[in-house]
Amino acid sequence: MRYINYFDQDAYTNIAMDAWLLKNLKPKEPVFSLWQNKRAVIVGENQNTFSEVNSDYVDSHNVEVVRRVSGGGAVYHDLGNICFTFFVPVSSSARVDFHQFVQPMADALESLGIHVDISGRNDLEIEGKKVSGNAQRYAGGYLMHHGTLLWDTDVDAMVRSLNVADEKFISKAAKSVRTRVGNIKDYAPKDLTINKFIDQLTYYLTNEGRDGEYKLDANQKSDILMLRDKKFSQWSWNYGQSPEFMYNNHAKFNGGSIDVQIDVHDGKITDINFTGDFLGVRDWREMKSQLIDTPFTYEYVADILEKNKNGQYFGSITNNELLETFFQKDEVETNA
């Protein structure tokens with residue numbers, strides 16, 4: 001197979017490149033790429049981003065959040081992870097088989113002396129630990145099959161990026177993830193670095209170097225960067241595409257208990273209600289209109305609460321406590 005070099009380690013660019021190549025490359029034979037992202041959470045096309053990421057952590061640690069065009073769950077990327085993408089002509093989506101496209105990567109790992117098993121329909125495992133997850137998207141006669149290879153991923157950062165920011169859960173969640181997820185480095189020859197690993201995978205997949213690079217021209221590169229700027233770097237795609245949902249949360253503070261119910265559509269608050277035994281000095285409904293049509297993000301809600309802090313709409317419950325009620329999640333889930 002010929003290979004394509006991705007531009008950078010920027011997740012917005014690389015996910016845009018995946019999408020653009022699927023729609024526009026139209027190769028006659030399969031092509032592939034091995035690429036990396038700096039720290040990022042990549043959300044499945046049909047997922048609710050708000051439910052998948054720990055907003056406080058990703059915002060404070062410069063973790064990019066990008067929605068891809070394939071389904072599946074949210075995954076964490078960093079420079080200890082290697083991403084791969086195959087673009088394959090397929091006459092019909094009915095002929096798409098996960099195993100068919102997981103196998104070449106399994107064979108490549110085996111060629112390096114790393115034994116892997118194909119688990120379920122789309123995972124690779126080493127000694128029962130998941131080291132690769134995969135997803136696919138079919139469009140216009142072509143299949144994009146892409147996935148991850150966990151070489152030496154930061155499990156703690158993975159857990160913190162994808163789960164509630166409650167310290168009492170972090171170590172437990174990280175321990176749980178480590179029992180299910182492995183890093184290929186731990187099973188590879190000791191002298192094999194990540195760069196050598198990428199080079200050897202490329203050598204194997206290019207028919208021992210006999211197949212060359214598929215080079216994009218300047219116009220194609222420009223189109224990809226334009227797609228990144230107009231879509232994949234935009235909040236409206238990465239968050240606003242989240243499905244409509246009703247958010248409910250309950251909390252109890254020294255100033256009383258409070259329940260919040262929020263309707264969100266296209267990433268914006270469409271309705272909101274508070275109940276509880278808090279001792280509001282003024283009726284919170286006086287400020288309700290300021291929250292309607294506001295993006296459901298920490299920054300926007302915090303700004304509105306700050307502007308209304310003197311109203312004592314929630315008694316002695318502080319704005320920081322209210323923000324915890326808006327954005328705290330009640331359970332821990334892990335993805336890899």
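## Walking through the sheets and helices

Angles here run from 0 to 180 degrees between N-to-C directions, with axes fitted as lines to C-alpha atoms, for helices over the stretch in contact. Helices (H or I, at least four residues) and strands (E, at least two) are DSSP runs, numbered from the N terminus. You're looking at a predicted model, in which local features need pLDDT of at least 70 and side-chain atom pairs count only at pLDDT 80 or more, while totals for chains, interfaces and linings use all residues. Residues are numbered from 1 along each chain as its sequence is written, and side-chain values use heavy atoms, leaving out hydrogens and water.

Let's take the overall picture next. The protein chain has 12 helices and 13 strands. Of its 336 residues, 49% count as buried, meaning under 20% relative accessible area, with exposed over 50% and partly exposed in between (1.4 Å probe, protein chains only). Take the contacts (heavy atoms within 4.5 Å) between residues at least 6 apart in sequence: 69% of them join residues at least 24 apart.

On one side, β2 (residues 31-35) runs antiparallel to β6 and is joined to it by 5 bridges. Ser 33 sits opposite Thr 85 there, and Leu 34 has Phe 84 as its bridge partner. With β10, β6 pairs in the antiparallel sense over 9 bridges, and Phe 87 faces Met 144 across that pairing. Of the 9 residues of β6, 8 are buried, so the strand is largely enclosed by the rest of the structure.

Further along the order, strand β9 (residues 129-139) holds Gly 133, which counts as buried because its relative accessibility is 16%. Its C-alpha atom is 7.6 Å from that of Leu 149, 16 residues away along the chain.

Now for the other sheet: 3 strands, open, mixed in pairing, and ordered β4-β3-β5. Here β4 and β5 are the edge strands, each pairing on one side only, and the twist averages 25 degrees from one strand to the next. Between β3 (residues 40-43) and β5 there are 3 bridges in the antiparallel sense, with Val 41 standing opposite Tyr 76. Helix α5 (residues 155-162) packs on this sheet, touching β3 and β5, at about 130 degrees to the direction of β5.

The loop between β4 (64-67) and β5 (75-77) carries Gly 72, which counts as exposed because its relative accessibility is 55%. Setting aside neighbours within four places in sequence, Gly 72 contacts Gly 44 and Gln 47. Its C-alpha is also 8.3 Å from that of Asn 134, 62 residues away in sequence.

One last stop is a helix pair. Helices α11 (residues 298-307) and α12 (residues 319-327) pack at about 145 degrees, with axes 10 Å apart. From α11 the contact takes Tyr 298, Val 301, Ala 302, Leu 305 and Glu 306, and from α12 Asn 319, Leu 322, Leu 323, Phe 326 and Phe 327. By class that makes 8 nonpolar, 1 polar and 1 charged residues, where Ala, Val, Leu, Ile, Met, Phe, Trp, Tyr, Cys and Pro count as nonpolar, Asp, Glu, Lys and Arg as charged, and the others, Gly among them, as polar.

Notes:
Pairing = 2+ DSSP bridges.
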